[in-house]
Amino acid sequence: MNKEDTLKHLNKMCENTLNETLKIKYIDVGEDFLVAKMPVNSSVYQPDGILNGGATMALAESVGSPTSILAIDRTKYAVRGIEFSANHLRSVKSGNVIATAKIIHKGKTIHLVEIIVKDERERVISICKITNYILKIA
């Protein structure tokens with residue numbers, strides 16, 4: 001599948017999911033990365049008017065798991081996130097945040113994926129990691 005078709009497929013898969021609720025859209029993909037963006041507005045604020053860390057984590061997980069999905073044979077395996085961590089470094093009040101996921105360890109049954117979330121000015125907002133279990137389909 002080419003880049004454009006892959007992005008269309010990923011975005012179509014996310015209809016009627018949390019991604020749609022949060023307006024997360026996949027915007028770039030390559031051999032070893034996946035990128036998505038999410039708008040920052042009152043729908044993803046915490047009470048004091050900044051981006052909620054949970055929304056940031058949802059964005060990060062929304063690129064972290066599919067990055068592993070793109071790296072496996074989906075007819076034989078499925079992906080399940082088994083651990084997630086996030087360090088929030090900066091707050092955001094408006095614009096978009098962009099998450100880029102890359103596999104930093106690709107084992108037979110475990111993938112470790114690093115996700116860097118930045119604002120539109122390229123400042124790092126959060127650094128996240130997800131451990132994905134690669135599950136053989138019975």
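**Reading a predicted fold**

Author: From the N terminus on, the protein chain runs α-α-β-β-α-β-β-β-β. This is a predicted model: local features need pLDDT of at least 70, side-chain atom pairs count only at pLDDT 80 or more, and totals for chains, interfaces and linings use all residues. Residues are numbered from 1 along each chain as its sequence is written, and side-chain values use heavy atoms, leaving out hydrogens and water.

Reader: How many helices and strands does the protein chain have?

Author: Both are DSSP runs, numbered from the N terminus: helices are H or I with at least four residues, strands are E with at least two. Here there are three helices and six strands.

Reader: What does the radius of gyration say about the protein chain?

Author: It is taken over C-alpha atoms; the globule rule is 2.2 Å times the number of residues to the power 0.38. For 138 residues, a compact globule would have a value near 14 Å; the protein chain has 15 Å, so the two agree. Its C-alpha trace spans about 45 × 30 × 25 Å along the principal axes.

Reader: Is L10 buried or exposed?

Author: Buried means under 20% relative accessible area, exposed over 50%, partly exposed in between, with a 1.4 Å probe and protein chains only. L10 has 2% relative accessibility, so it counts as buried. Across the protein chain, 38% of the 138 residues count as buried.

Reader: Where does L10 lie, and which residues does L10 touch?

Author: Contact means heavy atoms within 4.5 Å. L10 sits in helix α1, residues 3-13. Not counting residues up to four places away in sequence, L10 touches Y26, L34, P66 and L70.
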